[in-house]
Amino acid sequence: MPDKDKSILLIEDNADDELLTLRALKKLKYSRIIVIRSGPEAIDYLFCDQNNNLSYNRQAQAVKKPHIVLLDLNLPAIDGLTILKKIRSDKRTKNIPVIVLTSSGEEKDIEESYRYGANSYIRKPVDFLEFEKTASLIGEYWLRLNIGHSQTGY
Amino acid sequence: MTAADENHQNLLVNLSTARKIQNATDFHEALQIVVHEVTKKSEEVYGEAWVIPENAKKPTFLSSGNYDEVRQKQFLNNNTLIPPHYREKFACQVWKSKETQRKSGISTDSAAKTAGSKDVKFDKAIGIPVLAQDRVTAIICFYLTENFNQINLIRFEEMLAAITTNLENSFLQRLSDDALKKSQDKYRLLFDEDLSAIFIASPDGRVIDCNPAYIQLFGFNSREKALDSSFNDRFTNNMHKVFFWEILKRNGTIAGHEMSALKTDGQTIYITLKIVAHYNEKGRLKEVVGYIQDITYRKSIEVALRKSDERYESLIETTNDWIWEINEQYRFTYSSFKIQTILGYDPQKIIGRSLFSLMAPNEGKKVKRTFNELFEAQKSSVNIEHTCLTVDGKDVILDTSGIALYDNNGIFHGYRGITRDITERKVSEMKVAQLNEELEHKVIERTKMLQVANKELEAFSYSVSHDLRAPLRSIDGFSQALIEDYNKLLDDTAKNYLDRVRSAAQRMSTLIDDMIKLSKVTRSSMTKKKVNLSSIAESVATFLKEDEPGRNVEFVIEKKMTTTGDEALLKVVMQNLMENAWKFTSQKTEARIEIGSDIIRGVRAYYVRDNGAGFNMDYAKKMYAPFQRLHKEKEFPGTGIGLSTVQRIIHRHLGRIWAEGKVNEGAVFYFTIQSEMNTR
């Protein structure tokens with residue numbers, strides 16, 4: 001599978017950030033990007049819980065194992081760290097690389113993210129050119145250079 | 001000599017003899033006087049005295065007398081006149097008969113005849129017994145020569161009878177004197193053994209006799225020394241001495257008189273003196289007998305006791321404490337005056353009242369229990385806090401210490417106590433406690449408020465860092481998107497505007513980050529330890545040089561510069577100050593930055609000095625306020641947060657920061673870390 005076809009799950013509630021992230025990733029030719037905009041939806045998408053009748057359910061089944069997850073921390077209802085915990089505690093998802101991509105530079109957030117098993121912690125730069133560079137580096141590293149468990153496992 | 005003359009003569013002899021007998025010290029002397037007085041008048045008479053000691057078988061010769069001494073010797077030694085055995089026989093005869101015996105014709109009596117009696121012929125003899133209580137105690141015998149005529153003999157006999165009577169009268173007296181002497185001997189023993197000092201002195205003060213106690217009391221080296229002294233020397237006060245003799249001369253008495261007296265070594269002792277004065281027949285002071293008790297010890301105890309009494313009295317009167325005693329029924333037997341001040345009771349009227357009657361009933365029970373414990377547990381003392389009621393019924397808080405009292409036989413007989421009014425102290429203690437409680441409450445409240453505020457601040461800064469950045473990213477991102485996607489539609493001015501929008505957004509992002517840092521500096525906890533400022537400065541210098549390798553900056557850093565404080569925060573201080581120095585020397589071709597320390601006004605001050613752009617001292621105070629800048633952004637970029645961060649850190653270290661500078665001549669920043677922290 002070419003790197004550019006690998007799926008990216010973006011969990012992000014801020015529409016602007018979503019747009020800008022997608023713009024940066026698309027500029028870099030990454031096309032398979034799934035966007036989830038809240039914590040419960042993310043859980044639902046990843047673990048496909050019963051009694052869940054959200055509309056994209058079916059579609060989600062097919063792509064539910066993304067190659068990487070770009071996770072924002074500050075999410076409504078269920079925050080990023082909780083999602084991270086869940087990802088790591090479920091055998092189906094525990095090996096997916098999770099890159100925390102957030103506005104926060106708080107020591108506390110960084111520490112907790114790593115504690116719950118984040119693979120990387122990146123603070124979103126305000127400068128968009130910087131942001132693009134960052135996105136490209138993420139793709140370069142996690143989708144091209146890094147040999148992930150998921151590639152063999154799923 | 002006529003008969004009248006003779007009579008008169010006899011009378012005179014009698015009178016003078018009688019007086020002499022009176023003055024004789026003892027009976028034997030009196031006999032001797034009689035013999036001597038009678039014989040000294042006439043060479044025609046030889047006399048002798050015999051005494052009869054108790055239970056004796058025969059008289060004992062005592063003494064003889066004669067006008068002529070030679071002749072007297074003849075009688076006594078040579079047996080030339082009348083032989084002794086003859087005279088003894090005659091005396092014996094008188095003794096046996098108890099009556100006056102007369103003999104005549106001795107000169108012709110062969111038994112009395114001796115070889116040497118040629119010149120003087122003793123012819124007659126008269127022997128008179130001296131009787132005392134019907135017992136012959138002595139015999140006086142007179143031998144008369146032939147020249148003694150009959151008429152004279154009668155007169156002579158009369159005279160002798162008178163003298164004998166006189167002698168007998170005084171002898172009777174002497175007899176009792178004798179008994180007295182015996183008892184005196186006994187008394188002498190007592191006198192010598194008596195612990196009281198006793199002395200006998202003549203009216204001029206000379207000590208005639210004294211006992212060992214006297215010698216010892218006044219410190220004489222020997223009895224002789226004592227007898228050589230005058231009692232007058234014992235007076236410490238001349239007036240005393242004068243009065244002493246004056247009183248005695250006027251028949252006054254001195255009994256139990258207390259006075260000070262001088263020892264031979266000059267030391268003063270205290271004595272009681274009793275004097276028994278003896279007067280002669282004319283009423284003149286003959287001698288004094290003094291009895292002395294040494295009361296120095298008693299006196300010193302009295303003085304000590306009086307002093308101690310005075311001391312206690314003044315203590316009791318001056319102390320603010322109430323001192324009291326109660327008996328085994330808890331009834332007052334003593335109360336100092338202070339009860340008046342403390343409780344308002346008259347100390348006199350309190351005597352006999354129960355201690356507990358001064359207390360509220362429950363309080364009384366409680367205090368009684370404590371006192372009983374003291375007695376039962378045989379504790380030496382108790383200390384309790386309790387309340388009493390004043391006369392007006394007000395509560396007074398008292399602090400009482402009590403001890404149990406035992407008499408000499410160890411029998412408990414009450415308590416003694418000392419009580420202090422601690423109402424005022426208690427009230428202020430209570431106030432202090434109340435204030436403390438209030439204060440603590442306030443502190444807790446404030447701390448809570450502070451904690452809430454801190455939490456809010458934390459949440460605020462979190463949301464600032466998070467939520468403010470997101471729109472900035474949008475502003476920046478979409479501006480860039482515009483530039484990229486609509487490049488052809490935008491002219492240069494529009495692109496320039498979009499660039500300005502972007503740089504403003506980025507700058508705001510930096511400002512936000514710096515603000516967050518500043519607020520963290522204030523809130524973060526501090527860990528104090530020894531910090532090496534020199535090595536921090538070295539590493540900052542290295543970082544700066546690597547960051548901008550093109551710059552030519554000389555760093556001069558003092559070696560081994562240490563202080564005590566939070567290392568991370570002090571690192572921020574050094575970073576900021578050195579970055580500033582680095583920044584403001586950017587336009588100098590030969591930049592120099594010095595980091596060191598000096599003692600300024602007795603305190604070690606650390607400094608960062610540069611030769612850069614400097615500043616106007618008028619604005620020196622302004623620099624520390626957040627976002628305050630003294631230079632244009634274009635010249636020297638920055639947010640204006642750095643110095644206010646530094647100032648906060650220094651203040652948290654209880655230190656001081658100040659700066660000196662001059663435009664274009666450089667600046668120096670000094671800071672201190674409180675010495676208290678250095679010693680920790």
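Trainee: Which residue forms a salt bridge with A:Arg23, and how far apart are the closest N and O atoms?
Mentor: B:Asp485 is the partner of A:Arg23, with 2.6 Å between the closest N and O atoms. Keep in mind that this is a predicted model.

Trainee: How many salt bridges are there between chain A and chain B?
Mentor: The count is six. There are also twelve residue pairs in polar contact between the two chains, both residues being at pLDDT 80 or more.

Trainee: Which element gives the most to the side of chain A that touches chain B?
Mentor: Helix 1 of chain A, with six residues. By class, that side of chain A has ten charged, six nonpolar and five polar residues.

Trainee: And how much area do chain A and chain B bury between them?
Mentor: About 1,900 Å², 49% of it on carbon and sulfur atoms. On the chain A side, A:Arg23, A:Glu106 and A:Val126 supply 31% of the area buried against chain B, more than any other three residues.

Trainee: Different topic. Is helix 2 of chain A largely enclosed or open?
Mentor: Largely enclosed by the rest of the structure, because seven of its nine residues are buried. Among them are A:Ile43, A:Leu46 and A:Phe47.

Trainee: What comes after helix 2 of chain A?
Mentor: A:Cys48, with a positive phi near 50 degrees.

Trainee: Now chain B. Is B:Ala226 buried or exposed?
Mentor: B:Ala226 is buried, at a relative accessible area of 0%. The residue sits in helix 7 of chain B, residues 223-227.

Trainee: What does B:Ala226 touch, leaving out residues up to four places away in sequence?
Mentor: B:Val207, B:Cys210, B:Ile215 and B:Phe220.

Conventions:
Residues numbered from 1 in each chain as written. Chains lettered and ligands numbered in written order. Predicted model: local features only at pLDDT ≥ 70, side-chain atom pairs only at ≥ 80, totals over all residues. Heavy atoms only, no water. Helix = DSSP H or I, 4+ residues; strand = E, 2+ residues; numbered from the N terminus. Buried < 20%, exposed > 50% of the residue type's maximum accessible area, 1.4 Å probe, protein only. Contact = heavy atoms within 4.5 Å. Buried area = accessible area lost by both parts, 1.4 Å probe. Salt bridge = Lys/Arg side-chain N within 4 Å of Asp/Glu carboxyl O. Polar contact = N/O pair within 3.5 Å; in protein donor to acceptor, adjacent residues only side chain to side chain. Nonpolar A, V, L, I, M, F, W, Y, C, P; charged D, E, K, R; others polar.
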